[in-house]
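Let's take a walk through this one, starting with the overall layout and then moving on to the side chains. Have the viewer open as you read.

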Amino acid sequence: MELSQRVAYLKGLMDGLKIDDSTDQGKILKLMADILEDMAVYIEDVADEVDEMVDIIDEIDEDLGDVEEEVYFGDDYDDDDLDDYDEIDDDDYDPADDFDEDALYECICPNCGDSIRMGESMVELGSIDCPNCGEKIEFDYSELEDEE
């Protein structure tokens, strides 16, 4: 039985007992029953909203899973590829090991001191925003070009 049905049953019992609402005790009992009814309606509304949010979050989670598959595995994604990752010991695993040594760069943000790893394509852009503090970090290649 739902909460609102139980409150309606309680109010029916109170009516059946012919509680006199002209007495102090009768006024309190009627007021308490009205408050319970309001609370039951509110709680059921909140429960409905929570159910809707759970459905929306489930949809977002599925969409995010699709995006993760596309970003991390691309068109070459195959469920069998995941079997290779099951054997990796998390304590010894460094994601940088999956990349070519020449294609991975690291810099320190002059604003927050955070260490940032990036691929060659990010470095070629000439600047990035620090993922930690948002400060724009520019790369100056003039010294390297002068040496060549």
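Helices here are DSSP runs of H or I with at least four residues, strands are runs of E with at least two, and both are numbered from the N terminus. On that basis the protein has five helices and four strands, and going from the N terminus the order reads α-α-α-β-β-α-β-β-α.

A bit of housekeeping: this is a predicted model, so local features need pLDDT of at least 70 and side-chain atom pairs count only at pLDDT 80 or more, while totals for chains, interfaces and linings use all residues. Residues are numbered from 1 along each chain as its sequence is written, and side-chain values use heavy atoms, with hydrogens and water left out.

How much of the chain is buried? Buried means under 20% relative accessible area, exposed means over 50%, and partly exposed is in between (1.4 Å probe, protein chains only). Buried residues come to 11% of the 148 residues. As for surface, the protein exposes about 12,400 Å², with carbon and sulfur atoms supplying 49% of that; the areas are Shrake-Rupley values with a 1.4 Å probe, and for residues only the protein chains shown count as cover. Now for contacts (heavy atoms within 4.5 Å): among those between residues at least 6 apart in sequence, 20% join residues at least 24 apart.

Next, the charged pairs. A salt bridge is a side-chain nitrogen of Lys or Arg within 4 Å of a carboxyl oxygen of Asp or Glu, and the count by this rule is four. One of them pairs Lys11 with Glu37, at 2.9 Å from N to O. Lys11 sits in helix α1 and Glu37 in helix α2, so this pair ties together parts 26 residues apart in sequence. Lys11 is partly exposed at 23% relative accessibility, and Glu37 is partly exposed too, at 36%. Lys11 and Glu37 also belong to a salt-bridge network with Asp34.

Lys30 and Asp15 make another salt bridge, with their closest N and O atoms 3.3 Å apart. Here Lys30 is in helix α2 and Asp15 in helix α1, 15 residues apart.

Arg117 belongs to strand β2 (residues 115-119) and Glu106 to strand β1 (residues 104-108), so parts eleven residues apart in sequence are tied together.

Finally, look for a nonpolar surface patch of about 940 Å², whose members include Leu3, Leu10, Met39, Tyr42 and Val50. Patches take residues with over 30% relative accessible area and no salt bridge, joining like charges within 9 Å and nonpolar side chains (Val, Leu, Ile, Met, Phe, Trp, Tyr) within 5 Å. Helix α2 gives the largest share, nine residues. Val50 is in that helix and is partly exposed, at 43% relative accessibility.
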